[in-house]
Amino acid sequence: MASKIVKGSVIIFLGNIIFRVGGYIYRFLMASLLGPAAYGILGLTTPFQGIFQILSAGGLPPAIAKYAAEYNALEEYDLARQTVYTSLKIMVILGIFFGFVMVFIAAPWIAYDIFNKPISLLPLQAVGLITPFSVIVGAFRGAFQSVYKMEYILYTRAIEQIVMILGATALVLIGLSTFGAVLGSVLGFIASSISAIYIFKKFMNKYLPPKSPGFEFSFKQELSLAKTLILFAIPVSITALAEMGIYSACTLIMGVFLTSSLIGYFTAADPIARLPLVVSNSLATTILPAVSEAYAIKNRPLLEKYVTDTYKYGMFFVIPMCVGIAVFAKGIMGLVYFTNSSYMNGAIALSILVIGMTFYSVYAMSASIVQGIGNPRIPMYILIIGTIVTAIVGWYLIPIYGIEGGALATTISSILMMIPMVYFTNKITETKPPFKFLIKIIIASLVMAIPALILPASTIGLVVGIILGIIIYFVMILVLKTLSHDDVVQFRGFASKFGPLSKFANKFLDFADKFTNNDEFGMTYEELESYETSRLENIENASKTKSDSDCEGIESSVEEFEE
C-alpha cells in the first residue's frame, strides 16, 4: 500500500481510537450520571443529531475531498481552494435552515406525536443548535482530507470531544439532565469550528497555495462549480442518511414500542459494537481521495493494489475484533459500565450487533472505493434498500424480541448490503477479493474464541481471555501461513507509525516473515524480488511508447511501488 495511504490510515486509525475512547468516556459518564431511563432518552436524540448534521452538510465534505484532491493532482490549486469556499457557503445556509426546522418544527412533533415522551423535547431542540457549527467543521475537514492532512482532522476532533465531555458533565451535574448532555455537544462543535478555521488559515497555504494573481472566478462559474459539487453530494448525502437509518432505525422503532430503560441498555451496547468500525472507517476515509487520484490518472495497477490491500488489512483487524467482542460481550458490558450492573442486560444484543458490524465493515470499505471512482449512486441504492429492510424487519422483531430483535434486524440488513456492494466493487475495479486470506483470518478468529468457552464471565476472565485470544490469533496466523512476504512488508509501514511499540512489532514481523506464504506468486523470496524488479522495468519500458498522460500514470505507479 502506498506510503501516504499507510500514513493517513494510521493517523485516522489512531485518531479514531482516541475519539472512540473519548466517546466511551462521554457515554460512561452520561450513563452513570443519568441512569438507564434518562440515558435512553439521550439515545433517542442522538440519531436526530446525525440526521440533521447530514442534511445541513448536504453530502459536501466527501465532495470537497474528492474534487479538491483531483484539482491538486492536476495542479489546479485555485479550483481546489475555490471548491472549499463554494462548499462552505452552501453548507452554512443549509445549517442555519435545518437548525431552525429542528428547533421549532421537528422537535415538538417528534417528542409529542411520535415517541409520546415529552421529556425528550428540550434535548431534541438542542440538536438544532449543533447543525450550523457542525457544517463548518465538516467543510474544513473535507479540505484537510483532500490533501492527506489527516492530523488536522484529528486536532479538530480532539478539541470537539474534550469540550463536549467537560461541558456535558458540568451541565448534567448542575441538574440539566439529558438537555445538558446534548448542550455539551453544542459547545464541542463551537470549539471545533473555531479550531478548524484557525488551522485552515494558518497552515493550509502550504498545500492549497494562495489565489493566483490573475485568477478570477465569476458568479456564473461558481454556480457551475456548485452544481457539480451538489450533483456529486446529493447521492452521498442520501447515502449518509441511509447509513444513519441502518444505525438508528431500530433505536427509533424502540422509541415507539419499548421503555426508556430498555432503550438505555441498547444505547449502551451500540457504541461497543461499532468499535471494529474504527479500522474500516479509517481505511475508508483515507482510500477515497487516493482511489480518486489513481482513477483520475488512469493508473489501473495502483487502483487494483489499493482495493486488494484495503480488504486484506482491514479484515485482518476487524474480524478478530468482532469475534472477540461477541464472545466476551457480557464481561465487556460489566467492565465498561461497572457503576451500574443493569447495563449487562444489553450483552446479548451486543453479541448479535457486533457480528453484523463485520459485514458492515466490508460494505463501508467497498462503498468508499466506489465513491472514490465517481459512482456514489451504487452505495446509495444499496443503503436505501438496507435501511428499508432494517426498518421492516425491526418493526416485526422488536415488539417480539425487544432490543435483541433490533440487533438481529441490523445484522441481517448488513449481510444483505455487503454482498452486492462487494460484487459491484470488484466488477468496476476488475479485481477479486483475497478469498484465501480472508478464510484463514476467519479460521484464526474462531480458534481465538475458544478460551471464552472455558473462562468465567468476570473481569479477570475477560482480561485473561483477551490476552490468550491475541496470542492464539497470531499463532494461528503463523501456523496457517496467512501472510505473504509482501504483506509483511506492508505491515512494516504500519508498524513504523506506532512509536515505542514499533520495535516490538518489527521483531514480530521478522519472526512472521519466516512463516509467510507466497502461493499467490508461486515463488521463493529471491524469485519474488526478481519478479518485482522485472515488472517495474517492464512498466518503465512501456512508458516510452505511451502518451505523456499515460507516462505520468505509469511513473506514478513506479514511484508508489518503490515506496
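F203 counts as partly exposed, at 29% relative accessibility; the scale calls a residue buried under 20% relative accessible area, exposed over 50% and partly exposed in between, with a 1.4 Å probe and protein chains only. This is a predicted model in which local features need pLDDT of at least 70 and side-chain atom pairs count only at pLDDT 80 or more, while totals for chains, interfaces and linings use all residues. Residues are numbered from 1 along each chain as its sequence is written, and side-chain values use heavy atoms, leaving out hydrogens and water.

**Aromatic pairs**

The structure holds 21 aromatic pairs. Rings of Phe, Tyr and Trp (its six-membered ring) pair if their centres lie within 6.5 Å; planes under 30 degrees apart count as stacked, over 60 as edge-to-face and the rest as tilted. Here are two of the pairs:

| Pair | Centre to centre | Angle between planes | Type |
|---|---|---|---|
| Y198 and F203 | 6.5 Å | 85 degrees | edge-to-face |
| F316 and F474 | 6.3 Å | 55 degrees | tilted |

F316 lies in helix α9 (residues 300-327) and F474 in helix α15 (residues 459-479), so their pair ties together parts that are 158 residues apart in sequence. Helices here are DSSP runs of H or I with at least four residues, numbered from the N terminus. F316 is buried, at 5% relative accessible area, whereas F474 is partly exposed, at 27%. Elsewhere, Y39, Y265, Y337 and Y343 make up one aromatic cluster.

**Nonpolar cores**

A nonpolar core is a set of buried Ala, Val, Leu, Ile, Met, Phe, Trp, Tyr and Cys residues joined through side-chain atoms within 4.5 Å. The largest one has 98 residues, and M30 and M333 have the most contacts inside it. Helix α9 gives the most to this core, with 13 residues. Apart from this core lies another, of 31 residues, with A57, Y67, Y71 and F140 among them. Leaving aside residues up to four places away in sequence, M30 touches G35, Y39, L42, A168, T169, V172 and A181; contact means heavy atoms within 4.5 Å.

**A helix and the cysteines**

Helix α13 (residues 403-429) has 27 residues and reaches 39 Å from its first C-alpha to its last, close to the 39 Å expected at 1.5 Å a residue; that expected span is 1.5 Å times one less than the number of residues. Just after α13, E430 takes a positive phi of about 60 degrees.

How many disulfides does a search of the whole structure find? It finds zero, a disulfide being a pair of cysteine sulfur atoms within 2.5 Å. C250 is buried, with a relative accessible area of 1%, and C322 is buried with a value of 1%.

Note on methods: Helices (H or I, at least four residues) and strands (E, at least two) are DSSP runs, numbered from the N terminus.
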